[in-house]
Amino acid sequence: MNTDSAEQTPLVSIITPVYNRADYLAETIESVLAQTFHNWELLIIDDGSDTDDSRRISEMYCKRDARIRYYYEPHGGISAARNHGITRARGKYLALLDSDDRYLPEGLECLVNALQSAADPVKLVYANFIKYFQDEDRFQPTRVQPPKPRPGLFFQFILPGGNPVAPSASLAERSVIQDIGGFDSSFDGLEDRELWSRLVRKYEIEHVARQVAIYRKHSNQITNPKNRAAKRLLNDKQAYTFFSALPLESWFPQAKEPESQAKALEQMAMILLKRQNPPVDSALYMLRLAQSKSPTAKRRLFIADLEATIPVILKEHFGCKERITIPNV
């Protein structure tokens with residue numbers, strides 16, 4: 001057993017939720033053990049696995065290395081599992097390594113060095129990663145976007161597909177994640193983007209132009225095209241929650257008059273409607289808000305047409321009818 005770091009307070013707490021993921025778990029844990037940075041603890045949070053060897057594999061590694069700890073919780077979803085890990089974490093920094101991903105050998109060292117050397121307002125760093133398409137056995141290096149100046153930063157986290165921060169390629173200060181309330185357990189998918197959208201309202205983030213992890217793409221993920229209906233609904237929920245949490249001047253600081261605010265809202269709504277898995281009700285809310293700011297006959301007709309079309313779009317393109325509830329403006 002490795003006990004070198006068992007009794008000292010770790011600098012980094014790595015949280016790995018697992019739910020019936022024994023087929024990848026050992027590979028994930030081995031990638032942590034292979035790190036050039038050693039001052040870590042690995043918290044494996046079992047989210048109620050009941051059909052595989054996740055517990056046996058985890059407990060085997062706990063016996064092998066005292067820095068690894070295993071906790072079993074009733075099934076509550078990935079957000080709840082990560083929150084259980086955050087509660088038990090001791091490190092100054094939090095790393096979120098999914099149970100189907102893995103670090104590159106210098107991944108943690110790169111992230112730790114970046115966050116420690118960053119300017120004080122920066123509370124999260126994120127890096128590039130490599131996508132592994134399991135069904136094709138293919139690797140694809142990925143370069144993500146650096147953070148844009150506000151309000152562009154906000155748009156990165158409201159647009160479907162715009163989130164540049166992969167959990168397994170990021171590192172944040174634990175106190176900051178706790179300050180913003182941790183993960184929203186009502187999100188069992190896109191929960192990372194929802195968390196980051198709250199973080200960037202108060203804190204700065206920084207991009208590291210190095211690859212630090214391998215992100216596995218496979219058929220069981222919420223990001224799989226087969227799960228489009230669920231993802232579209234989560235896109236809508238996250239977009240509306242984020243947009244409505246900030247005043248209009250945060251989104252459109254140059255729009256001072258009702259007419260210019262209405263134009264900006266309309267442009268943003270149209271961008272959302274053109275995205276894959278579009279947050280249609282969030283866009284509808286923005287259009288209604290625009291109409292309340294500066295009414296036009298053309299926009300009124302477009303809103304009426306959209307209201308009639310949304311159920312058809314959901315049925316024909318997503319095979320569903322579920323929607324979020326938005327207020328009338």
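## Burial of the R82–D98 pair

A residue is termed buried when its relative accessible area is under 20%. In this predicted model, both R82 and D98 are buried. D98 falls in this class because its relative accessibility is 15%, under the 20% limit.

## Surroundings of D98

D98 is located in the loop between β4 (93-96) and β5 (102-103). Beyond its neighbours within four places in sequence, D98 contacts T16, T28, I78, R82 and S168. The C-alpha atoms of D98 and I15 are 7.9 Å apart, although 83 residues separate the two in sequence.

The side chains of D98 and R82 make a polar contact at 2.6 Å. R82 and D98 also form a salt bridge, with 2.6 Å between the closest N and O atoms. This pair joins distant parts of the chain, 16 residues apart: R82 belongs to helix α3 (residues 78-88), whereas D98 is in the loop between β4 and β5.

## Other salt bridges

The model contains 23 salt bridges. One of them connects the side chains of R198 and E194, at an N to O distance of 2.8 Å. Both residues lie in helix α7 (residues 191-199), 4 residues apart, or about one turn of the helix. R198 is buried at a relative accessible area of 15%, and E194 is buried at 3% relative accessibility.

A further salt bridge joins the side chains of K123 and D120, at 3.7 Å from N to O. Here K123 counts as buried, with 14% relative accessibility, whereas D120 counts as exposed at 60%.

Note on methods. Residues are numbered from 1 along each chain as its sequence is written. This is a predicted model: local features need pLDDT of at least 70, side-chain atom pairs count only at pLDDT 80 or more; totals for chains, interfaces and linings use all residues. Side-chain values use heavy atoms; hydrogens and water are left out. Helices (H or I, at least four residues) and strands (E, at least two) are DSSP runs, numbered from the N terminus. Buried means under 20% relative accessible area, exposed over 50%, partly exposed in between (1.4 Å probe, protein chains only). Contact means heavy atoms within 4.5 Å. A polar contact is a pair of N or O atoms within 3.5 Å; within protein, one must be able to donate a hydrogen and the other to accept it, and residues adjacent in sequence count only if both atoms are side-chain atoms. A salt bridge is a side-chain nitrogen of Lys or Arg within 4 Å of a carboxyl oxygen of Asp or Glu.
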